[in-house]
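Subject: Structure handover

Hello,

Here is the structure you asked to look at. Please open it next to this email and follow along.

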Amino acid sequence: MSDALTLEGVGLHSGVRSRVTLHREEGPVRMVTRGRTVRPVLSEVASTSFCTTLGLDDVRIGTVEHLLAALHAHGVWSGLTVEVDGDELPILDGSAEPWSELIREMQAQEAFPPPPSAVTGKARVSNDAGGVAKVETGDDALEVSIEFDHPAIGHQSVSVMPDARRGILSARTFGFLADAERMLAAGYSKGAGPESVILFDDMSAIAPLRFPDEPVRHKALDALGDLYLLGAPIAGRIRVHRGGHALHVALAAALYAGTQA
């Protein structure tokens with residue numbers, strides 16, 4: 001078995017430092033905190049408010065979407081245990097790239113088991129904010145678009161084929177200075193800072209972007225992480241417009257329901 005690998009840092013919303021250790025273990029991917037096990041599956045989603053939180057009873061592990069996006073992009077669906085010393089995964093640099101680096105190192109030592117068979121079918125969900133997400137027949141692709149009334153963002157879209165998904169993992173989460181006080185008052189973003197979040201003032205990002213379309217790339221990353229909760233890859237064309245964690249999880253749930261009908 002490969003040696004355990006560890007990352008630690010501050011949680012985006014809690015502001016609390018946590019330590020996460022990844023190590024090989026047979027069976028489905030699972031997360032363990034305080035001796036309790038939580039699975040990254042739809043039935044164990046506890047919240048989708050500003051991040052995706054897993055939980056059972058009084059156990060919570062928040063901001064799991066970036067790690068799950070890295071697992072999804074690398075095709076890791078089993079053979080891994082994630083030990084979490086805390087209630088939230090660290091935000092690190094705001095992207096999934098630090099998790100990707102650990103997974104690549106583990107894969108270089110020993111290959112993970114092959115992924116399960118892909119889920120097929122059609123599904124469509126929407127919300128009152130104009131968000132629409134659907135799975136259609138067609139070539140496997142993840143197509144994501146966003147609309148923000150901001151001069152530095154506006155309309156952005158990206159199409160990511162399965163073999164290019166690792167290319168979006170370095171896109172960082174973003175937010176707006178105008179929303180900072182509201183988020184803090186609501187109990188979120190206590191650990192946000194320029195080292196982990198792209199901050200936009202009224203006109204532009206206050207620090208250089210990694211990509212001109214980094215915001216939509218990060219939204220695609222989030223979708224990839226949330227759709228991992230389905231428990232298997234999706235065969236078909238995934239289209240998400242003005243998505244968010246709740247919409248992504250609803251799409252995964254709708255697709256799962258269709259396979260059980």
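Predicted model: local features only at pLDDT ≥ 70, side-chain atom pairs only at ≥ 80, totals over all residues.

Start with helix α5. It covers residues 245-260, which is 16 residues. At 1.5 Å a residue, α5 should span 22 Å.

Which residues of α5 are buried? They are H245, L247, H248, V249, L251, A252 and L255. The spacing in that list is worth a look. An α-helix has 3.6 residues a turn, so residues three or four places apart point the same way.

What covers these buried residues of α5? The cover includes two helices, α1 (65-74) and α4 (214-227). It also includes the strands β5 (45-47), β9 (123-126), β10 (132-136) and β15 (237-241).

Now take α1 and α4. They pack at an angle of about 80 degrees, and their axes are 7 Å apart. The angle lies between 65 and 115 degrees, so α1 is roughly perpendicular to α4. On the α1 side, the contact is made by E65, H66, L68, A69, H72 and A73. On the α4 side, it is made by H218, L221, D222, L224, G225, D226 and L227. By class, this contact has six nonpolar, four polar and three charged residues.

Last, the strands. β15 pairs with β10 in the antiparallel sense, over five bridges. There, K134 has R239 of β15 as its bridge partner. β15 also joins β11 (residues 141-148) by five bridges, and these two run parallel. L142 stands opposite I238 in β15.

Best wishes

Terms used. Residues numbered from 1 in each chain as written. Heavy atoms only, no water. Helix = DSSP H or I, 4+ residues; strand = E, 2+ residues; numbered from the N terminus. Expected span 1.5 Å × (residues − 1). Buried < 20%, exposed > 50% of the residue type's maximum accessible area, 1.4 Å probe, protein only. Contact = heavy atoms within 4.5 Å. Axes fitted to C-alpha atoms, helices over the stretch in contact; angles between N-to-C directions. Parallel < 35°, antiparallel > 145°, perpendicular 65-115°, else oblique. Nonpolar A, V, L, I, M, F, W, Y, C, P; charged D, E, K, R; others polar. Pairing = 2+ DSSP bridges.
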